[in-house]
Amino acid sequence: MCWLSRCYSCVKWFGNWSSVFHVNFGVRQGSVLAPFLFAVYLDDVAKFDCINQGCFIILYADDILLISPSVCKLENLLHSCERELQSLDMSINFKKSGGLRIGPRYNAPCMNILSSTGIAIPWIAELRYLGVTLQQSHAFRCSLVQAKKSFYRAANAIFGNIGRVASEEVVLQLLKTKCMPILLYGLEAIPLYKYQLNALDFVINRFFMKLFRTADITLVMQCQEQFGFDLPSVQLARRSHKFLNSMHK
């Protein structure tokens, strides 16, 4: 009851503070209740009858993903979402929007999608959605480049600070708890190709080579077994099985 009746705020700009003003609408980012209230507020956006047309609307907080088998249907779906959001006093940020094509004709020339106000949404080669980078391709595919970069950044920061001071057990435990979630984030829900799994395993093997100062892959595998460190391919197989089981319940 006191969510908005006692909500006040102010603005700080270059060390200067504005007068305090009353906030009588919206939700607080980071609060426990905000995601539920926001989901209820946007619930009507996902209630369009899209399945019969082969279209889907996926909502997660303020991120909207529109899926359609054709460009024409996708543009109509976009206009429907625009009208619904306008009735909710909201709008789409087209500067952060893009179109991604997946299918046999993904690289064929195609007109841009136009909003109801005439703003063109360009076709892009990669699209980051909920922390996962999707790629345009003949089949559904994600890019692991950003995940590997973030992993190397975190792993090198740990190794650079304590790599030659702390024991191997401490370094690997930090790698397992701080870096592996960065590398494997969201991948249990995505079908990966064999070469992508090999690329993820290579990242870990290279770190073990650096940690134990060896280029012998046999020795690296023995170290992984001794320390109980599973490769990403093994962890993803286990996590994917758990994820699929949770979907069937």
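The second largest pocket of this predicted model has a volume of about 710 Å³, where a pocket is an open set of points on a 1 Å grid over the protein atoms alone, with protein on both sides within 12 Å along at least five of seven lines, and a volume is the space filled by probe spheres set on the points, which are joined across faces, edges and corners. Residues are numbered from 1 along each chain as its sequence is written, and side-chain values use heavy atoms, with hydrogens and water left out. Because the model is predicted, local features need pLDDT of at least 70 and side-chain atom pairs count only at pLDDT 80 or more, whereas totals for chains, interfaces and linings use all residues.

The lining of the second largest pocket comprises 25 residues, with Val 27, Ala 34, Leu 37, Phe 38 and Ala 39 nearest its centre; a lining residue has an atom within 4 Å of a point. Two or more residues of this lining are given by helix H1 (34–41) and by strand E5 (56–60), helices (H or I, at least four residues) and strands (E, at least two) being DSSP runs numbered from the N terminus. H1 provides the largest share, six residues. By class, the lining of the second largest pocket holds 17 nonpolar, four polar and four charged residues, where Ala, Val, Leu, Ile, Met, Phe, Trp, Tyr, Cys and Pro count as nonpolar, Asp, Glu, Lys and Arg as charged, and the others, Gly among them, as polar.

The largest pocket has a volume of about 1400 Å³, and of the 41 residues that line it, Ile 64, Leu 65, Leu 66, Gly 98 and Leu 127 are the closest to its centre. At least two lining residues each come from strand E6 (63–67), helix H2 (71–87) and strand E9 (126–129). The class composition of this lining is 26 nonpolar, nine polar and six charged residues.

Phe 14 is placed in the loop between strand E2 (12–13) and strand E3 (16–17), and is exposed at a relative accessible area of 73%, the classes being buried under 20%, exposed over 50% and partly exposed in between (1.4 Å probe, protein chains only). Although Phe 14 is not a glycine, its phi is positive, at about 50°. Asp 89, in the loop between H2 and strand E7 (113–114), likewise has a positive phi, near 60°, and is exposed, with a relative accessible area of 72%.

Side chains of opposite charge can pair when their charged atoms come close. The count comes to two salt bridges, each defined by a side-chain nitrogen of Lys or Arg within 4 Å of a carboxyl oxygen of Asp or Glu. In one, Glu 188 pairs with Arg 239, with the closest N and O atoms 3.0 Å apart. Because Glu 188 lies in the loop between helix H4 (168–183) and helix H5 (194–212), and Arg 239 in helix H7 (residues 232–248), the pair ties together parts that are 51 residues apart in sequence. Glu 188 is partly exposed at 22% relative accessible area, as is Arg 239 at 29%. Arg 238 and Asp 230 also meet in a salt bridge (3.3 Å, N to O).

Note on methods:
1 Å grid on protein atoms, 1.4 Å probe; cavity = no way out; pocket = protein on both sides within 12 Å on 5 of 7 lines; lining within 4 Å.
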